[in-house]
Amino acid sequence: MSTISRDEVARVAALARIELRPDELDRLAGELDVIVESIAKVSQVATPEVPATSHPLPMSNVFRPDVPEPALPVDDVLAGAPEAEDGRFAVPQILGEE
Amino acid sequence: MTDLTRLSAADLAQKLRRREVTSVEVTQAFLDRIAAVDGAVHAYLHVNAEEALATARDVDARREVGEELHPLAGVPIAVKDVVVTRGMPSTAGSKILEGWVPPYDATLVEKIRDARMPILGKTNMDEFAMGSSTEHSAYGNTHNPWDLERIPGGSGGGSAAALASFTAPLAIGTDTGGSIRQPGAVTGTVGVKPTYGSVSRYGLIALASSLDQAGPVTRTVMDSALLHELIGGHDPRDSTSIPEPLPALVEAAAQGAGGDLSGVRVGVVSQLQGEGYQEGVQARFTESLELLRRAGAEVVQVSCPHFEYALAAYYLILPAEASSNLAKFDGMRFGLRVEPEDGPVTAERVMAATRGAGFGDEVKRRIILGTYALSAGYYDAYYGSAQKVRTLIQQDFDAAFEQVDVLVSPTAPTTAFKLGEKLDDPLAMYLNDVATIPANLAGIPGISVPNGLAEPTDGGAAMPTGFQVLAPAKADDRLYRVGAALEAALEKSWGGPLLDRAPELG
């Protein structure tokens, strides 16, 4: 298995949308390397014939009647938002200007 | 006069029903105790005094006119801060949710309110339940009431410490890899992780959705059974909720307390003892096995060979699911929003700045680990393999439960360590959950029952140890029968509850 470099941590942090300070990048690179090395042992027993399990108690087709249910009051929901305007969430611009 | 805070929830409920005491008196007794000792323990992030007393007054008025009430009506309770509570802050121990007040209640909170139980407040925890010591809370450490220099376990250290310091008679915890059972073990309290789907997850701030389960945190096995029966059962708002009714848990606890375990087959998991387990923890475990034998149980050794891979699989599956669940903390709809210091203020850059400022070290570590494990080129080797290990662990449990009715182990490999001791060594911290994690991966239920005290390896006063019982999925009643029988035998040998030996606080 490959080791996790500082650049790799920076790449993954960008995917995860977490801004990291330079000292955090240094520290995480070392820590994640140790952690990944120890958990890589899962591949020792994960042979092709073993099926994967995603859920402890499998259930399928859990349906409910297709009828509308009351939603939360808009004001209550927006009360916890960083910014709201005209009964909506107010957010920064989605696209950067090139 | 009896100190109301020392009574079990079952005894408080009985006194309330007999009108020997009012809910206002009981609730006030706990609020006074919080004021007296929680400055030192810091089990609570928020104390809900006014509303709790209003609920208590309402219950007393209803009882006065002879209204039919839930058996636990008027008994106060504390709720872990990862559970959303309408009108009360719910931060999950994170700065990113500081001050956020949810617009709705979790299903289990609705049930608590419907039963008219005063909610004392919200308890401290590792940020988003990531941790085994409560040191990853953004709002400061909780201290172990047995020794304030030591950790109370985690992530639910606040709920366990509230029970151990008598600032609540009942509490709610959540257990993703041991966060109810391990704090129970290190604080001398009882904690139950129900079968996955036994208690609704609606309104839990999700950590790892295929592992999370809420459950009772109490001082006695019977109290856990009473609380589990209240909060459990099917919830259409959680599609992973088990549709059939719960087994008879209170009845099982009452049967177990009778002390007869004739015909019960108990399996000792070979892989969950020996190396890495503190000497005193192992000694108390062996003594408890002897008590089970004397109660009539048949005790045998059982091997679960894939458990040695459980921790590794867990630290791939949990971060993977957490990295997805925590994507909702984007600075747009709730909680913190931080704008980048320079450059354009776009949604993506705001999201990154918000998460960089709002998440603590452990949360960043796990989200990045999870994102890495799920990223192209690594998915099969890491996440895919971990899911296969999950199958192998379930198969180990299936084979074991063909031979025995319950499996047992020490709940945690060591007694509570000193605050700060493992903070810089994430891998050492993760090892605390080695005995509790397999149950979460398989979805089966587990209980931790206090089973004695052991000398810490670094000196100081003796600290509590826990005995874990695991049962097959949907057979939670077996935990209560065996747990109550062990509790009864131990308390007989001690001449009273373990917590009577905890030092006085305040």
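What follows is a short exchange about how terms are applied to this predicted model.

Modeller: Local features need pLDDT of at least 70 and side-chain atom pairs count only at pLDDT 80 or more, while totals for chains, interfaces and linings use all residues. Residues are numbered from 1 along each chain as written, chains are lettered from A in the order written, and side-chain values use heavy atoms, without hydrogens and water.

Biologist: What makes a residue part of the contact between chain A and chain B?

Modeller: Contact means heavy atoms within 4.5 Å. Chain A gives 57 residues and chain B gives 64 residues.

Biologist: Why is the pair Glu348(B) and Arg17(A) called a salt bridge?

Modeller: The term needs a side-chain nitrogen of Lys or Arg within 4 Å of a carboxyl oxygen of Asp or Glu. Here the closest N and O atoms are 3.4 Å apart, so the pair qualifies. Between chain A and chain B the count is seven salt bridges.

Biologist: Why is Ala129(B) called buried?

Modeller: Buried means under 20% relative accessible area, exposed over 50%, and partly exposed in between (1.4 Å probe, protein chains only). Ala129(B) has 8%, so it is buried. Its phi is positive, about 70°, although it is not a glycine.

Biologist: And what makes Asn61(A) exposed?

Modeller: Its relative accessible area is 61%, so Asn61(A) passes the exposed cut-off. Its phi is near 50°, also a positive value in a residue other than glycine.

Biologist: What makes the bond from Gly154(B) to Ser155(B) cis?

Modeller: Its omega is near 5°. Most peptide bonds are trans.
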